[in-house]
Amino acid sequence: MAKEIKLPQISEGVDSAEVAEVMVSAGDTISEGDSMIAVETDKASVEVPSTASGKIKEVKVKEGGEIKVGDVIIVLEEGDDDSDEEKEASTDEKDEDAEAEKEQANAEEDSDEDEGDVEEDTDKKEDDDSSGDEDAADGEEGSDEGKEKDDEEEDAGQDKEVKAQQEQPEDKKKEDEKEYSAVAASPSVRRLARELGVDIQSIKGSGEKGRINEGDVKAAKSGDNTKKQTPAAADLPDFSKWGSVERQKMSSIRKATAKSTSGSWTQIPHVTQFDQTDITDLEAYRKKMQEKATDVKITVTAILAKIVVSALQRFPTFNSSLDIANKEIILKHYYHIGIAVDTEKGLLVPVIKDADKKSIYEIAAEITALSEKARDQKLSPEEMQGGTFVISNLGGIGGTQFTPIVYHPQVAILGVSRAVIQPVYIDDAFQPRQILPLSLSYDHRVIDGAAGAKFLRWIGDAIEDPLKAILGS
Ligand code: CAO
């Protein structure tokens, strides 16, 4: 009898996840509790065990795909609950031809599905492209109508090129997927590979038709049984030619950071403005505040969050997003400040909601609570959403200056480096003052250089002389 094994609720508030690894294939015999797939969410990476035993009739998920709670992962033929390795091996061998046929059929089915995806994606890209072309046209003189026909012909040619460029990686993806589904190994062998941290895709199987056994995995771990990485696979040279290398899977946080930073970097024309401010008096004030607050640590970041909110209220464009398709700037009337937090697994940016309505004490307590949650990987998606501006304080770690990347779809980010005591010439004499370096990166489509310099100077002035900043000189 066929039984469908579905994705259970992985964790609270998480309804979908990315399939990071498929550990089983059609024809494998699996026992209850054996891992079928590994999924990754923003918060964690989880292996999903089977809730029944039997022989796998069909694997319904693909590596890299999205899966929702309740979606079918595998279809089992129940009753074949024999986890004995010997039997498993002979069953595997007997079924190998049928399995290969099934894999071939699956691969063909997948490639049909993929073709649908390519068309859908291409259509979407065409839409995106047309808005991009519109923007480009806007920047030119003359009527759009008069140019329309020429533009259409030109666009058709460009679209063909875009399609051709897009289809290439898709074809390669199909090839990669076929290769993945062609890896033949039992669940116990796959488990061993995971335990040893060996990428099963890279192992050359010594069994019949390239089947991978335990010995192959162990040999791969010691480094002498891996398939040669073709440079084309990742568009990289074979680094192992020059010395020993190790491949590490990117964590979900690393993947999310890679996606968001490269999206921001490619979409946003960045400018970074540098400045510095004398934080000596503010530090003295902070220490006084700290004496009154025994249960919360008043930090530079918390005070800066409050000052930044005042700056955003005076310079509303910095608290906006650009809607390029509609050629509008969306000004937000709320002040949700993201705080970049360094965690063992990578960068996370929890958000202090309505920072304008909170005291420095409340903001300080919230930063402590959210950064602890971030480091324990306990942040909920809501706690990381809705930010309007980010503060990235690297000063506790060190460095003299850095250029932060704007957090798309926001338009600006404040970088804070390490405050150091420096001699400053005041009233005909050098005096030791604590100087805090600041850097502001912004989207030049929305913010001009003069505005960037004024915004950052206002923050510097507010730190040095709050009364002057608030009341004006
Ligand atoms: N200059 C000098 N010292 C600083 C400082 C600065 N700019 N900022 C903080 N410090 C000091 C603090 O005073 C504190 O010293 P004490 O322990 O002696 O009191 C120490 O550094 C540690 O600060 P903290 O971490 O307790 O508190 P914080 O509010 O300043 O920082 C947080 C909180 C979450 C911003 C920080 O822990 C963090 O993760 N920073 C890294 C952010 C990051 O990775 N950014 C890069 C993102 S890429 O754009």
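**Close-up views of a predicted model**

**Figure 1. Residues around the ligand.** In this predicted model, the ligand is surrounded by 19 residues, and the closest are Thr 299, Thr 301, Arg 375, Ser 392 and Ala 419. Sorted by class, the shell around the ligand holds seven nonpolar, seven polar and five charged residues. Two strands, strand 13 (341–343) and strand 16 (389–393), each contribute at least two residues to this shell.

**Figure 2. Polar atoms facing the ligand.** An oxygen atom of the ligand lies 2.8 Å from a polar side-chain atom of Arg 375. The side chain of Lys 297 places an N or O atom 3.1 Å from an oxygen atom of the ligand. At Ser 417 the backbone takes part: one of its polar atoms is 2.9 Å from a nitrogen atom of the ligand. The ligand taken alone exposes 970 Å², and the protein buries 70% of that area.

**Figure 3. The protein chain as a whole, for context.** The protein chain contains 12 helices and 19 strands. Its length is 473 residues, of which 39% count as buried. Among contacts in the protein chain with a separation of 6 or more, 62% are between residues 24 or more positions apart.

**Figure 4. Aromatic pair of Phe 239 and Trp 242.** Six aromatic pairs are found in a search of the whole structure. One of them joins Phe 239 and Trp 242 in a tilted arrangement, 6.4 Å centre to centre and with 55° between the planes. Phe 239 has 41% relative accessibility and therefore counts as partly exposed. Trp 242 counts as exposed because its relative accessibility is 62%.

**Figure 5. Aromatic pair of Phe 315 and Phe 455.** Ring pairs connect Phe 315 and Phe 455 with Phe 318 and Phe 389 in a cluster.

Figure 6. Arg 286 is part of helix 8 (residues 280–292). Its relative accessible area is 17%, and Arg 286 is therefore buried, the cut-off being under 20%. Apart from neighbours within four places in sequence, Arg 286 contacts Ile 298, Thr 299, Val 300 and Ile 303. Thr 299 is also among the closest residues to the ligand.

Figure 7. The peptide bond between His 408 and Pro 409 is cis, and its omega is near 10°. Pro 409 is located in the loop between strand 16 and strand 17 (412–416).

Gln 377 is a residue other than glycine with a positive phi, near 55°. The loop that holds Gln 377 runs between helix 10 (360–375) and strand 16. With 24% relative accessibility, Gln 377 counts as partly exposed.

A positive phi, near 50°, is also found at Asp 427, again a residue other than glycine. Asp 427 lies in the loop between strand 18 (420–426) and strand 19 (429–443). The relative accessible area of Asp 427 is 69%, so this residue is exposed.

Methods
Residues are numbered from 1 along each chain as its sequence is written. This is a predicted model: local features need pLDDT of at least 70, side-chain atom pairs count only at pLDDT 80 or more; totals for chains, interfaces and linings use all residues. Side-chain values use heavy atoms; hydrogens and water are left out. A residue is near a molecule or strand if one of its heavy atoms lies within 4 Å of it. A polar contact is a pair of N or O atoms within 3.5 Å; within protein, one must be able to donate a hydrogen and the other to accept it, and residues adjacent in sequence count only if both atoms are side-chain atoms. Accessible areas come from the Shrake-Rupley method with a 1.4 Å probe; for residues, only the protein chains shown count as cover. Helices (H or I, at least four residues) and strands (E, at least two) are DSSP runs, numbered from the N terminus. Ala, Val, Leu, Ile, Met, Phe, Trp, Tyr, Cys and Pro count as nonpolar, Asp, Glu, Lys and Arg as charged, and the others, Gly among them, as polar. Buried means under 20% relative accessible area, exposed over 50%, partly exposed in between (1.4 Å probe, protein chains only). Contact means heavy atoms within 4.5 Å. Rings of Phe, Tyr and Trp (its six-membered ring) pair if their centres lie within 6.5 Å; planes under 30 degrees apart count as stacked, over 60 as edge-to-face and the rest as tilted.
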